[in-house]
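The sequence and the structure come first.

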Amino acid sequence: MSIKKYGVLLVNLGTPDAPTPTAVKRFLAEFLSDVRVIDISRIIWKPLLHLVILPIRSPRVAKLYRSIWTEAGSPLLNYSLQQQAALAKQLPDIPVELGMSYGSPAIAEAIDKLLIQQIENIVVLPLYPQYSCSTTAAVFDAISRALKKYRTIPGLNFIRSYAAHPSYIDALKRSVELSFERYGKPERLLLSYHGIPKRYAETGDIYPQECELTTRLLSELINFPADKIIMTYQSRFGREPWLTPYTDITLKRLAKHGIKHVQLLCPGFSVDCLETLEEIAEQNKKLFYAAGGKKYHYIPALNASDSHIMLMAELVTDLAII
């Protein structure tokens, strides 16, 4: 089959259209209504979401988004568009489209753009290195919904995860080594992953095992003592227990125990976004300094770096039958 009949669908989580309470409320309403993200009974959750959570959180979250917004707009969308353009340049014979699970550009719109070009097979690359039901599975659901209107659906090559891919681990290694060269080796290196409720893991989500696998492989590859590498989880929401140890609590504990210099990498984020640029690079830095820390450096996401684009190209071409 001709290579021109293949297309690539890159998918990320999504972002508000603007750093305003109205736009943030619209985005959060879509995001937090997904049963893959919040699996509480809809009878209980919907009134709580629309009458309590959205009115309170939307203005607060909008303020956080304003702190990271750039002239190019949302960092998550901007970096994702850069990835799309760079991958399209790397794979000139394969159309590449970008879709978001929530917000715009929507997954359905991206699929329409591919199928208009007579694409017969789509390689779907969710930009989540570690599988989770709350992210990767949500992409699969959205694709299924988008294809319902088509009489003939394309073949799908779905990349479930790439937590252990050698090129991914090597790209992370390069980022860590560059940070060490620039700022010196820290006393502790934290690998902070987005958290999920413990209950999800206890009922079958393999996410923590995938995070542990990435951590182990990266620890084996970098020239840094494994006992000084700490895996943590960030961005918890709500009252139920999430995966531990928590990033913020770990940072405060380290500082109180005399650790002065830490560096943080967020391996699960393919692009920098609110959770890395504001929560990790700003909020947690303040927490660490307030507890007695002296040197704190966030290691940026892979974004549209050459090594990241080469990884994407490998993932895609490994599945495309030329």
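## A glutamine in helix α3

Leaving out neighbours within four places in sequence, Gln83 is in contact (heavy atoms within 4.5 Å) with Leu10, Leu127, Ser270, Val271, Asn303, Ala304, His308, Ile309 and Met312. Gln83 belongs to helix α3, residues 75–90; helices (H or I, at least four residues) and strands (E, at least two) are DSSP runs, numbered from the N terminus. With 0% relative accessibility, Gln83 counts as buried. The classes are buried for under 20% relative accessible area, exposed for over 50%, and partly exposed in between, with a 1.4 Å probe and protein chains only.

The model is predicted: local features need pLDDT of at least 70 and side-chain atom pairs count only at pLDDT 80 or more, whereas totals for chains, interfaces and linings use all residues. Residues are numbered from 1 along each chain as its sequence is written, and side-chain values use heavy atoms, with hydrogens and water left out.

## Nonpolar cores

A nonpolar core is taken as a set of buried Ala, Val, Leu, Ile, Met, Phe, Trp, Tyr and Cys residues joined through side-chain atoms within 4.5 Å. The largest one has 66 residues, and those with the most contacts inside it are Leu10, Leu87, Leu125, Tyr162, Leu189 and Val262. Another core, of 36 residues, lies apart from it and has Ile38, Tyr65, Ile111 and Leu274 among its members.

The contacts of Leu189, not counting residues up to four places away in sequence, are Val176, Phe180, Ile222, Phe224, Lys228, Ile229, Ile230, Gln263 and Ile299.

## Sheet and packed helices

An open sheet of 4 strands runs in the order β2-β1-β3-β4 with parallel pairing; two strands pair if DSSP finds at least two bridges between them. β2 (96–102) and β4 stand at the edges with a single partner strand each, so one side of each has no neighbour in the sheet. From one strand to the next the twist averages 30°. Axes for such angles are lines fitted to C-alpha atoms, for helices over the stretch in contact, and angles run from 0 to 180 degrees between N-to-C directions.

Strands β1 (residues 6–14) and β3 (residues 121–126) run parallel and are joined by 6 bridges. Val11 stands opposite Pro126 in β3. Helix α1 packs on the sheet, where it touches β1 and β2, and its direction makes about 85° with that of β2. Helix α5 also packs on the sheet, touching β1, β2, β3 and β4; the direction of α5 makes about 170° with that of β4.

## Salt bridges

Side chains of opposite charge can pair when their charged atoms come close. Here a salt bridge is a side-chain nitrogen of Lys or Arg within 4 Å of a carboxyl oxygen of Asp or Glu, and the count by this rule comes to 10. The table lists some of them.

| Pair | N to O distance |
|---|---|
| Asp39 and Arg199 | 2.8 Å |
| Arg199 and Glu240 | 2.9 Å |
| Asp112 and Lys149 | 3.1 Å |

What does the pair of Asp39 and Arg199 tie together? Asp39 lies in the loop between α1 (21–32) and α2 (42–68) and Arg199 in helix α7 (residues 198–202), so the pair ties together parts 160 residues apart in sequence. Arg199 also forms a salt bridge with Glu240. Glu240 is in the loop between β6 (229–234) and α9 (247–256), so this pair ties together parts that are 41 residues apart in sequence. Asp39 is partly exposed at 35% relative accessibility, Arg199 is partly exposed at 31%, and Glu240 is partly exposed at 30%.

The side chains of Asp112 and Lys149 meet in a salt bridge. Asp112 is in helix α4 (residues 107–115) and Lys149 in the loop between α5 (136–146) and β4 (155–158), so the parts tied together are 37 residues apart in sequence. Asp112 counts as partly exposed at 22% relative accessibility, whereas Lys149 counts as exposed at 57%.

## Backbone features

The peptide bond from Ser104 to Pro105 is cis, with omega near 0°, and Pro105 is in the loop between β2 and α4. The bond from Thr244 to Pro245 is cis, with omega near 5°; Pro245 is in the loop between β6 and α9.

Ser235 is found in the loop between β6 and α9 and has a positive phi of about 65° although it is not a glycine. Ser235 counts as buried at 15% relative accessibility. Gln118, also not a glycine, has a positive phi of about 65° and is in the loop between α4 and β3. Gln118 is exposed, with a relative accessible area of 59%.
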